[in-house]
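User: Hello! I am new to this structure and would like to understand the words used to describe it. Could you walk me through them?

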Amino acid sequence: MEPLASPRLRYFVEIARLGSFSRAATALGIAQPALSRHVRAMERELGVQLLHRNGRGVLLTDAGRLLLARTAGIVR
């Protein structure tokens, strides 16, 4: 298991900031499917869903908003 201070946390923050896996993948220089796998793995490790995925992008769940609020400054 990777620590949350790993790139996964940075990936999550970028997805939340841009509201889209594809835009975040482009900004981060990572393939979108790999980015999705990292987030799913993080959700499994934490035992919560962080993002609501839909055809137009993503929305943060309550757990996702909490994680973002507590970690966005760390990632910067």
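Predicted model: local features only at pLDDT ≥ 70, side-chain atom pairs only at ≥ 80, totals over all residues.

User: What does the secondary structure come to, and what pattern does the protein follow along the sequence?

Analyst: The protein has 4 helices and 2 strands. Read along the sequence, they follow the pattern α-α-α-β-β-α.

User: Why are α2 and α3 called roughly perpendicular?

Analyst: Helix α2 (residues 21-28) and helix α3 (residues 32-46) pack at an angle of about 105°. Angles of 65 to 115 degrees count as roughly perpendicular, and therefore α2 and α3 get that label. Their axes are 9 Å apart.

User: Which residues meet there, and what kinds are they?

Analyst: From α2 come Phe 21, Ser 22, Ala 24, Ala 25 and Leu 28, and they meet Gln 32, Leu 35, Ser 36 and Val 39 of α3. By kind, the residues of this contact are 6 nonpolar and 3 polar, with no charged ones.

User: How do you know what to call the arrangement of α1 and α3?

Analyst: The angle between α1 and α3 is about 110°, and their axes lie 10 Å apart. The range for roughly perpendicular is 65 to 115 degrees, so α1 and α3 are roughly perpendicular to each other. On the α1 side the contact is made by Arg 8, Leu 9, Tyr 11, Phe 12 and Ile 15, and on the α3 side by Leu 35, His 38, Val 39, Ala 41, Met 42 and Glu 45. These residues divide into 8 nonpolar, 1 polar and 2 charged.

User: What makes Glu 45 and Arg 8 a salt bridge?

Analyst: Their side chains meet with N and O 2.6 Å apart. The cut-off is a Lys or Arg side-chain nitrogen within 4 Å of a carboxyl oxygen of Asp or Glu, so the pair qualifies as a salt bridge. In general, side chains of opposite charge can pair when their charged atoms come close.

User: Where do the two partners sit, and are they buried or exposed?

Analyst: Glu 45 is in helix α3 and Arg 8 is in helix α1 (residues 7-18), so named from their positions 37 residues apart in distant parts of the chain. Glu 45 has a relative accessible area of 29% and is partly exposed. Arg 8, at 11%, is buried, since buried means under 20%.

User: How many salt bridges does a search of the whole structure find?

Analyst: The search finds 4. Another of them joins Arg 53 and Glu 43, whose closest N and O atoms are 3.0 Å apart. This pair also links distant parts of the chain, with Arg 53 in strand β1 (residues 51-54) and Glu 43 in helix α3, 10 residues apart. Arg 53 is partly exposed, with a relative accessible area of 37%, whereas Glu 43 is buried at 10%.

User: Where does Thr 61 lie, and what makes it count as buried?

Analyst: Thr 61 lies in the loop between β2 (57-60) and α4. Its relative accessibility is 8%, and the limit for buried is under 20%, so Thr 61 counts as buried. A polar atom of the Thr 61 side chain lies 3.0 Å from the backbone nitrogen of Gly 64. Leaving aside residues up to four places away in sequence, Thr 61 touches Gln 49, Leu 50, Leu 51 and His 52.

User: How do you know whether Leu 60 is buried or exposed?

Analyst: Leu 60, in strand β2, has a relative accessible area of 18%. Buried means under 20%, so Leu 60 is buried. Not counting residues up to four places away in sequence, Leu 60 touches several residues, including Phe 12, Ala 16 and Leu 68.

User: What share of the protein is buried?

Analyst: Buried residues make up 42% of the 76 residues.

Notes:
Residues numbered from 1 in each chain as written. Heavy atoms only, no water. Axes fitted to C-alpha atoms, helices over the stretch in contact; angles between N-to-C directions. Parallel < 35°, antiparallel > 145°, perpendicular 65-115°, else oblique. Contact = heavy atoms within 4.5 Å. Nonpolar A, V, L, I, M, F, W, Y, C, P; charged D, E, K, R; others polar. Buried < 20%, exposed > 50% of the residue type's maximum accessible area, 1.4 Å probe, protein only. Polar contact = N/O pair within 3.5 Å; in protein donor to acceptor, adjacent residues only side chain to side chain.
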